[in-house]
Number of protein chains: 2
Amino acid sequence: MNQYVIINGALVAKEEAKVSIYDLAVQRGYGIFDFFKTINGEPVWLDDHLDRFYFSAAEMFMKVPVQRSELKKLLWKLMDKNNLPNSGVRLTLTGGESTNGYSLQCPSLLISQEPLVYNKALFETGIRLVTFTHQRQLPHIKTIDYLQAIRLQPFIKEKGAQDILYHFNSTVLEGPRWNFFIVDERGEICTPATNILKGVTRKKIIEHRNLHVKEIEIHPDELATTREAFITSTTKIVLPVLNIDGYKVGTGKPGNITREIWQQLMVEQKVN
Amino acid sequence: MNQYVIINGALVAKEEAKVSIYDLAVQRGYGIFDFFKTINGEPVWLDDHLDRFYFSAAEMFMKVPVQRSELKKLLWKLMDKNNLPNSGVRLTLTGGESTNGYSLQCPSLLISQEPLVYNKALFETGIRLVTFTHQRQLPHIKTIDYLQAIRLQPFIKEKGAQDILYHFNSTVLEGPRWNFFIVDERGEICTPATNILKGVTRKKIIEHRNLHVKEIEIHPDELATTREAFITSTTKIVLPVLNIDGYKVGTGKPGNITREIWQQLMVEQKVN
């Protein structure tokens, strides 16, 4: 089946989907994006993602070439064309072509869609993390900057882990593509408050009527005594962290509070 | 006149020079580059730039698809085709297409060339800088990450400056596209030693037989009493800094030592 993307408003076959090498994303790594999923053809928390997309663009002084209502029309046009009921949709705003290779002129809007099927079994497997000292630049903005994350992939493998947990100035932060939560030794659900990208799944958990979550500074030493830990993202929903730097988290199995939050979100997202 | 670029070994018209939107440069800002100039058809300090290009690639775990001798052949092929005797040539290595949008697979090599004519008159005009607290990530690698530099352009304008001087932890560092030197109150030529990108022009000045340069920590307070300051880059060669944060540097005019270094480099580069 042919798959399409939308580049500056026009449907283009995936294989033909290209940008100029003079685009500021290619020349200067300048761009922002956002990513939401569809379940049974329905976008999940679309407006939260669009809020953040326009926010990121404004923070980078980039003009999104279409208003929100027009953008939604483009999204539906692409989703209708591709007919991928369970998918991830990525909105990317690149710096666009620049006559001097440096100054921002006219950003380009790319919309792409890929199949995305959630695998419930991964919850039981959980994830092993390794910590690394790093503060992302402009952490509150969803930029395309993943230099460290991609460069660290051999290091992660070497450490026998599956992903990296950033900390800086004795404060636990986030992973490259997810937020971090713990259930501390008193049973309280905590998540880092600042110097992170505020994820949509994170926001939904914090605002959840059945949950009390503290946005607070987490010290790396606390990881040794925490009862449960989990990460959250659009793709992963809730995934238990079972091991950090080679040490078991809690019992080394998915915790009860983590499981309850996961199940609650699956119901709300209508995950089959 | 038509202008060409080389993409993965093939000559392509500039207007057709594109990369996939699935390239890791577009999706994750992952790429490195280098930039040298030609004067009267002769590359300037080419091997120094190629040394750094291969170094940057290795540091990012990216395989350059061609060996150095083959790369030089490609450079000459492009330079012959474009016939631009005074030019800037940019080598870019992008992360390349990635099936999962995240893992490094097969980097793409882009070579582009633009006319570049050096304007001697700019030396007398000099440049006005504004300082900003920032440590570039992976500063020793010439990555495509210019998120801060481009985002700060409105700030630079608002401050009545023309470019930004980064400092961090009470240490002066560099600008987004150049190195920084001072002639201190004792008349010694000094340049920051660490946490910077080591420019080729900087290297040539440090290694110069007629000059004694100290690679040393420079405290922001020293900028108030320095006799001269200048920046160095392939494009700018040597450009006097006449004003920092609204305060005159030295007499506020290009200094004698700065002028001598500039003239020396122009002779060595055979600038007309």
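Student: In this predicted model, how many bridges join β11(A) to strand β12 of chain A, and how do the two strands run?

Tutor: Good place to start! Strand β12 of chain A covers residues 189–191, and one pairing to look for is A:Val183, which stands opposite A:Ile189. β11(A) and β12(A) run antiparallel, and the number of bridges joining them is two.

Student: Which residue in the turn between β11(A) and β12(A) has a positive phi?

Tutor: The two strands form a hairpin, with five residues between them. Within that turn, a positive phi of about 85° belongs to A:Gly187.

Student: To which strand of chain A do five bridges join β11(A)?

Tutor: Look for the strand that holds A:Thr232, the residue opposite A:Asn179. That strand spans residues 228–233 and runs antiparallel to β11(A). The partner is β14(A).

Student: Is strand β11 of chain A largely enclosed or open, and how many of its residues are buried?

Tutor: Take the faces one at a time. On one side sit A:Asn179, A:Phe181 and A:Val183, and on the other A:Phe180 and A:Ile182, every one of them buried. Strand β11 is therefore largely enclosed by the rest of the structure, and its buried residues number five of the five.

Student: What is the strand order in the open sheet of six strands in chain A?

Tutor: Begin from the edges, β2 (10–13) and β5 (42–43) of chain A, each of which pairs on one side only. Further in, β4(A) and β6(A) run antiparallel and are joined by eight bridges. With antiparallel pairing, the order reads β2-β1-β7-β6-β4-β5.

Student: About how much area do chain A and chain B bury between them?

Tutor: Let's picture the interface by its residues: 47 of chain A are in contact with 47 of chain B. In chain A, the residues that lose the most area to chain B are A:Tyr102, A:Leu147 and A:Arg151, together 19% of what that side buries. Carbon and sulfur atoms account for 59% of the buried area, and the total is about 4300 Å².

Student: Which residue of chain B meets A:Glu59 in a salt bridge?

Tutor: Between chain A and chain B there are 17 residue pairs in polar contact, and the count of salt bridges is two. In one of these, the N to O distance is 3.2 Å, and the side chain facing A:Glu59 is that of B:Arg151.

Student: Which backbone nitrogen lies 2.8 Å from a polar atom of the side chain of B:Asp23?

Tutor: First find B:Asp23 in the loop between β3 (18–20) and α1 (24–28) of chain B. At 3% relative accessibility, B:Asp23 counts as buried. The backbone nitrogen in question is that of B:Ala25.

Student: And is B:Gly199 buried or exposed?

Tutor: B:Gly199 is found in the loop between β12 (189–191) and α7 (200–206) of chain B. Setting aside neighbours within four places in sequence, B:Gly199 is in contact with B:Arg52 and B:Asn179. B:Ser233 is 34 residues away in sequence, with 6.8 Å between the C-alpha atoms. The relative accessible area of B:Gly199 is 12%, under the 20% cut-off, so B:Gly199 is buried.

Methods
Residues numbered from 1 in each chain as written. Chains lettered and ligands numbered in written order. Predicted model: local features only at pLDDT ≥ 70, side-chain atom pairs only at ≥ 80, totals over all residues. Heavy atoms only, no water. Buried < 20%, exposed > 50% of the residue type's maximum accessible area, 1.4 Å probe, protein only. Helix = DSSP H or I, 4+ residues; strand = E, 2+ residues; numbered from the N terminus. Pairing = 2+ DSSP bridges. Contact = heavy atoms within 4.5 Å. Buried area = accessible area lost by both parts, 1.4 Å probe. Salt bridge = Lys/Arg side-chain N within 4 Å of Asp/Glu carboxyl O. Polar contact = N/O pair within 3.5 Å; in protein donor to acceptor, adjacent residues only side chain to side chain.
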